[in-house]
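Please look over the sequence and the structure shown here. A short report comes after them.

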Amino acid sequence: MADIIVDDGLLVAYADNQLDSEQRKLVEKTLQSSESLRLKLNKFNTSGAILRANLDVGQEVIPDHIRHRILMLDQQIKKERLGPPSESKDIIRITGFLELPTFFSILSDSNSLIGKVCYSNSSIVPTVGHLKRITNIEEQFTVVQNDNEIQNFGSIVRNDRFNIVWESHLDGDLYIYEIIDDYDKNLLFSSRVSAGSFIDMPPLIVVSDKAELQLEVEVKNANEVSIYTEEIRLEVVSVQDSGSKDQ
Amino acid sequence: MDFANTLIAIWPKLMKYSRSLTKGNYAAEDLVMEVITKILESAERIDPNTNLEAYAIRAIKNTFLNEVKWDNKTVSEINDSGESIYDETRDENSGKFTESGDLEKILMNLGSKCKEILVLFGIGSSYKEIASLLDVKIGTVMSRMARCRGSLSDQLEAS
């Protein structure tokens, strides 16, 4: 094997593991006989390690609100691409995807309830805010508003935050959609869920005057095969309606 | 190709790269979201076999450079008072290039070409990918990388 002249470019590429095996062998042979090259290699290795350690993308985690923004943007663009619906629809606008830390601080101050995706029999104690424990293990989910558990076909108050509380005993990806009609649904929330764990979920608010809210909860496994879906239907009432009903 | 989920997966890399160009976290995030929006809007026209990571990084660079051209007037105005909007050290709250403040300052001193190539390497791009992203030959990447790494080592030793 012939000796080669190892210039700095070749040496840094060797340090960064960018050479093929034949090139590596040639560089290694030259390195054996050159102290100065070995010193330079050490410097390249050190600077490479510093760059990787400081710029390692593993330290960077995409925040939940950015993930939601991208997914919702994607869905909105796809929807716009399909064109306007054939008839005018009274669409429920869901707002309230607050950044979670902000939301937590609001709730901590007001001593309100945070709805969380949770496992009913787990002994997990939440570290932030308050966790609504679901005791009815026959129900996979429920809706919580102002400390009240609202069962399927129950009533929720418009313009007030509510949360979907999910009892997870499956591993997979959770999706919560708002059903617009038979052909259209909006993705409101998605997250990875694992059995026995709970995840944070942003609150939702119904701000339109639509009388009914229909949600779909779906968990998909790793192969994208749907393994669980369920619908939640809720009557939406105004505060006045709710008050008069209570009386 | 599932563009949205691919973009979510590469978002950390895009942010690291974007921060190397912009003044701070918010500007970097805006730049990345602008590019992500453009990609999602034009998804139907993008070849499904495209390397989306390289495509997005190139789009971030081009979008940033367009904004720089657009802001030329502002630059000259600020320059009159002796400052440049690209003087990232001015921004105390943001402009955080890396987790290490020392490295951040050193990279800024090395010049934009060095900073770019070192960041691309640091976020995990191969020399081949860097060559493609910067539209240069791989030999140029090797020589520039050696020169910039030498400067980086000198600065690290001096600091």
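## Confidence of the model

This is a predicted model. For the complex, the predictor gives an ipTM of 0.72 and a pTM of 0.50.

Chain B has an average pLDDT of 77, and 78% of its residues score at least 70. Within chain B, helix 8 (residues 138-158) has the highest confidence, at 92, while helix 4 (residues 72-80) has the lowest, at a mean of 36. The pLDDT is below 50 over residues 72-100 of chain B. In the model, this stretch has 35 contacts beyond near neighbours in sequence. Where pLDDT is low, the predicted coordinates should not be read in detail.

## The two chains

Chain A has 247 residues, of which 25% count as buried. Its secondary structure comes to 6 helices and 12 strands. Among the contacts in chain A with a separation of 6 or more, 62% are between residues 24 or more positions apart.

Chain B has 159 residues, of which 35% count as buried. It contains 8 helices and 0 strands, and along the sequence its pattern reads α-α-α-α-α-α-α-α. Of the contacts in chain B between residues at least 6 apart in sequence, 63% join residues at least 24 apart.

## Helix packing inside chain A

In chain A, helix 1 (residues 8-15) packs against helix 3 (residues 35-55) at an angle of about 50°, and the two axes are 9 Å apart. Helix 1 of chain A and helix 3 of chain A are therefore oblique to each other. The crossing of helix 1 of chain A with helix 3 of chain A is right-handed.

Helix 1 of chain A contributes A:L11, A:V12 and A:A15 to this contact. From helix 3 of chain A come A:L37, A:K40, A:L41, A:F44, A:N45 and A:G48. By class, the residues of the contact between helix 1 of chain A and helix 3 of chain A are 6 nonpolar, 2 polar and 1 charged.

## Helix packing inside chain B

Helix 6 (residues 112-122) of chain B packs against helix 8 of chain B at an angle of about 100°, with the axes 10 Å apart. Helix 6 of chain B and helix 8 of chain B are therefore roughly perpendicular to each other.

On the helix 6 side of chain B, the contact is made by B:K113, B:C114, B:I117, B:L118 and B:F121. On the helix 8 side of chain B, it is made by B:V141, B:R144, B:M145, B:C148, B:S151 and B:L152. The residues of the contact of helix 6 of chain B with helix 8 of chain B divide into 8 nonpolar, 1 polar and 2 charged.

## Where the chains meet

Between the chains, 29 residues of chain A are in contact with 35 residues of chain B. On the side of chain A that touches chain B, helix 1, helix 3 and helix 4 (64-82) of chain A each supply at least two residues. Helix 3 of chain A gives the most to this side, with 9 residues. By class, the side of chain A that touches chain B has 16 nonpolar, 6 polar and 7 charged residues.

Helix 4 of chain A packs against helix 1 (residues 3-21) of chain B at an angle of about 160°, with their axes 9 Å apart. Helix 4 of chain A and helix 1 of chain B are therefore roughly antiparallel to each other. Helix 4 of chain A passes helix 1 of chain B in a right-handed crossing. The residues in contact are A:I66, A:R67, A:I70, A:L71 and A:D74 from helix 4 of chain A, with B:F3, B:A4, B:L7, B:I8 and B:W11 from helix 1 of chain B. The contact of helix 4 of chain A with helix 1 of chain B has 8 nonpolar, no polar and 2 charged residues.

## One residue: A:K185

A:K185 lies in strand 8 (residues 184-193) of chain A. It has 17 other C-beta atoms within 10 Å and is partly exposed.

Leaving aside neighbours within four places in sequence, A:K185 is in contact with A:Y177, A:E178, A:I179, A:I180 and A:E216. A:K185 and A:Q214 are 29 residues apart in sequence, and their C-alpha atoms are 9.7 Å apart in space.

Note on methods. Residues are numbered from 1 along each chain as its sequence is written. Chains are lettered from A and ligands numbered from 1 in the order in which they are written. This is a predicted model: local features need pLDDT of at least 70, side-chain atom pairs count only at pLDDT 80 or more; totals for chains, interfaces and linings use all residues. pLDDT is the predictor's confidence in each residue, from 0 to 100. Helices (H or I, at least four residues) and strands (E, at least two) are DSSP runs, numbered from the N terminus. Two residues are in contact if their C-beta atoms, placed from the backbone, lie within 7 Å. Axes are lines fitted to C-alpha atoms, for helices over the stretch in contact, and angles run from 0 to 180 degrees between N-to-C directions. Angles under 35 degrees count as roughly parallel, over 145 as roughly antiparallel, 65 to 115 as roughly perpendicular and the rest as oblique. A crossing is left-handed if the near helix is turned anticlockwise from the far one by less than a right angle, and right-handed if clockwise. Ala, Val, Leu, Ile, Met, Phe, Trp, Tyr, Cys and Pro count as nonpolar, Asp, Glu, Lys and Arg as charged, and the others, Gly among them, as polar. A residue is buried if 20 or more other C-beta atoms lie within 10 Å of its own, exposed if 12 or fewer, and partly exposed in between; C-beta atoms are placed from the backbone.
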